[in-house]
Amino acid sequence: MTKKNRIEYLVCTLSVVVTGFIIFGFLASQQPLVNESKLHSFLLIGCLGGFGFSAICSTIILSVGFFKRRGLVFKIIASVLWPITFGTCVYAGVFSYIPYQIYNIVKIISLTRKEKNKKN
């Protein structure tokens with residue numbers, strides 16, 4: 001993955017975090033669910049909505065990229081066994097979301113440093 005692709009992935013997923021946080025936060029603050037506090041409800045449900053939808057977006061992006069590089073036979077087998085394929089994609093995408101975001105940030109920083117060192 002190139003630096004540009006990593007930055008695009010990061011921007012897409014973080015924009016979903018922000019919009020999901022705001023939308024779900026405002027919805028949750030209408031009728032407080034957590035400790036009868038609008039602020040606590042806004043923050044907690046906003047985080048759940050933002051990170052949840054961002055993890056789903058990340059799953060879709062990574063799964064499409066994965067299947068794009070595979071051959072026809074693999075795609076046919078994955079289509080026939082679609083419940084297993086779907087479960088595996090969701091499981092891998094949701095549980096690897098935060099570690100992959102951290103890895104992406106570290107990789108972007110290291111690629112930027114390499115570019116600076118090449119210029120010097």
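1. Val73, which lies in helix α3, counts as exposed because its relative accessibility is 62% (buried is under 20% relative accessible area, exposed over 50%, partly exposed in between, with a 1.4 Å probe and protein chains only). The model is a predicted one, in which local features need pLDDT of at least 70 and side-chain atom pairs count only at pLDDT 80 or more, while totals for chains, interfaces and linings use all residues. Residues are numbered from 1 along each chain as its sequence is written, and side-chain values use heavy atoms, with hydrogens and water left out.

2. Together with Leu72, Ile76, Ile77, Val80, Leu81 and Ile84, Val73 makes a nonpolar surface patch of about 720 Å², to which helix α3 (residues 72-80) gives the most, with 5 residues. Such patches are made of residues with over 30% relative accessible area and no salt bridge, nonpolar side chains (Val, Leu, Ile, Met, Phe, Trp, Tyr) being joined within 5 Å and like charges within 9 Å.

3. The axes of helix α2 (residues 38-68) and α3 come within 10 Å and cross at roughly 135°, and the two helices are therefore oblique to each other (under 35 degrees is roughly parallel, over 145 roughly antiparallel, 65 to 115 roughly perpendicular, and the rest oblique).

4. Of the 2 salt bridges in the structure (a side-chain nitrogen of Lys or Arg within 4 Å of a carboxyl oxygen of Asp or Glu), one joins Lys3 and Glu115, with the closest N and O atoms 3.3 Å apart. This pair links distant parts of the chain, Lys3 in helix α1 and Glu115 in helix α5, 112 residues apart.

Technical notes:
Areas by Shrake-Rupley, 256 points an atom, 1.4 Å probe, with all protein chains shown as cover. Helix = DSSP H or I, 4+ residues; strand = E, 2+ residues; numbered from the N terminus. Axes fitted to C-alpha atoms, helices over the stretch in contact; angles between N-to-C directions.
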